[in-house]
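Here is a short report on one protein chain. Look at the sheet and the surface as you read.

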Amino acid sequence: MPDPYVCDPHGEPLREARDALDLIGEAWGRQATWVAVPVERLHDDFFVLRSGVAGEFAQKFVNYRIGLAVVGDVSRHAPPGSALEAWVTESNRGEHIWFVRDLDELAERRSGRDHSADPR
């Protein structure tokens, strides 16, 4: 299983669809099936669901069949009972978008999946 492409934790906040496409391009170039984005690289708008940023960002990854892992503590953005908390919970049940504590958790979750059917 190829390692995920791990986004640099330093740099401008990621917010636009083109930012997602740049990450996807990097993943394709490295033959990675997942991109790990540190929570601190995501613009605050990502965590405000009504802004549409998270939905647009995530949809790019789903469309290109590249997994997106948001790595780090999102609790300050997702208080109990919030819409974001519900989305995080629902995403973590799926196959494409995960919110994980660290890269070790991502590796553990990925090792439990069968990626042999990946058409890429």
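Two strands pair if DSSP finds at least two bridges between them. Helices (H or I, at least four residues) and strands (E, at least two) are DSSP runs, numbered from the N terminus. This is a predicted model: local features need pLDDT of at least 70, side-chain atom pairs count only at pLDDT 80 or more, and totals for chains, interfaces and linings use all residues. Residues are numbered from 1 along each chain as its sequence is written, and side-chain values use heavy atoms, without hydrogens and water.

**The record.** UniProt lists residues 6-109 as "domain: DUF4180", in an unreviewed entry. Its positions follow the numbering used here, feature names are shortened, and annotations may be inferred rather than shown by experiment. Over residues 6-109, 40% of the chain is helix and 14% is strand. The end C-alpha atoms of that stretch are 16 Å apart.

Four strands form an open sheet in the order 1-2-3-4, with parallel pairing. Strand 1 (5-6) and strand 4 (97-100) each have a single partner strand, so one side of each has no neighbour in the sheet. The pairings of strand 2 (residues 34-38) with strand 1 are parallel, over two bridges. Strand 2 also runs parallel to strand 3 (residues 67-71), and five bridges join them.

Here are some of the facing residues.

| Residue | Opposite residue | Strand of the opposite residue |
|---|---|---|
| V6 | A36 | strand 2 |

**The crossovers.** Strand 1, helix 1 and strand 2 make a right-handed β-α-β unit. Right-handed means that, with the strands pointing away from the viewer, the path from the first strand over the helix to the second runs clockwise. From strand 2 the chain crosses through helix 2 (residues 53-63) to strand 3, and this β-α-β crossover is right-handed.

**Cover and surface.** Is strand 2 mostly covered or uncovered? It is mostly covered: five of its five residues are buried (under 20% relative accessible area; exposed is over 50%, partly exposed in between, with a 1.4 Å probe and protein chains only). W34, A36 and P38 point one way from strand 2, while V35 and V37 point the other way.

W28 lies in helix 1 (residues 17-29). W28 counts as partly exposed because its relative accessibility is 39%.
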